[in-house]
Amino acid sequence: MNQQNETSEQYRQVQVETSTTLDLVLMAYDRIIDNLNEALAALEVVPKSYDVFSDKLTNSQQIVAALDDGLDDSQGELPAYLASFYSFVRKKLIESNMDKSSDGVKEIISVVEQIRESWRHSAENSVEEDSA
């Protein structure tokens, strides 16, 4: 089992090192969504696992903070919009964690998935432009 975890970690590291910035953003959004789904699952087991729920929301907050820290304010209006979005997500994560609210987490998943789709479309358009 340890060998499998090591291999997965090595694969993930190579994937990160060979990815474009847009790919990294998509991976970050995917990880946020994965964490939030795992948090929801922690509330569905009996007994509920509030520790796992809290850890997964905290992990998501850290990813959002890293995305926010990586914004370049010199790149026009998009960074300001994203900063506002990340602030909203962090606030909802904190509220959901305090309230142990699955509804709040579901709302966050929904909006993060929508923004992730926008990034995915941008990535696809970028690939199409590069190959033209």
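Helices here are DSSP runs of H or I with at least four residues, numbered from the N terminus, and the model they are drawn from is predicted.

**View 1. Helix 4 from end to end.** Let us start with helix 4, which takes in residues 78-99, 22 residues in total. From first C-alpha to last it reaches 31 Å, close to the 32 Å expected at 1.5 Å a residue.

View 2. Look here for the buried residues of helix 4: Pro79, Leu82, Phe85, Tyr86, Val89, Lys92, Leu93, Ser96 and Asn97. They lie on the same side of helix 4 because they cover an arc of only 145° around the axis. On the face turned away from this buried side, you will find the exposed residues Ala80, Lys91, Met98 and Asp99.

View 3. Asn97 belongs to helix 4. Its relative accessibility is 12%, so Asn97 counts as buried, the cut-off being under 20%. Leaving aside residues up to four places away in sequence, Asn97 touches Phe53, Ser54, Leu57, Thr58 and Gln61.

**View 4. Helix 2 against helix 3.** The axes of helix 2 (residues 21-44) and helix 3 (residues 50-69) come within 8 Å and cross at roughly 165°. That angle makes helix 2 roughly antiparallel to helix 3, and the crossing is left-handed. Among the residues making the contact are Val25, Tyr29, Ile32, Leu36 and Leu43 of helix 2, together with Tyr50, Phe53, Leu57, Ile63 and Leu67 of helix 3.

Definitions and conventions
Residues are numbered from 1 along each chain as its sequence is written. This is a predicted model: local features need pLDDT of at least 70, side-chain atom pairs count only at pLDDT 80 or more; totals for chains, interfaces and linings use all residues. Side-chain values use heavy atoms; hydrogens and water are left out. Helices (H or I, at least four residues) and strands (E, at least two) are DSSP runs, numbered from the N terminus. The expected span of a helix is 1.5 Å times one less than its number of residues. Buried means under 20% relative accessible area, exposed over 50%, partly exposed in between (1.4 Å probe, protein chains only). The arc is that of the directions from the helix axis to the C-beta atoms. Axes are lines fitted to C-alpha atoms, for helices over the stretch in contact, and angles run from 0 to 180 degrees between N-to-C directions. Angles under 35 degrees count as roughly parallel, over 145 as roughly antiparallel, 65 to 115 as roughly perpendicular and the rest as oblique. A crossing is left-handed if the near helix is turned anticlockwise from the far one by less than a right angle, and right-handed if clockwise. Contact means heavy atoms within 4.5 Å.
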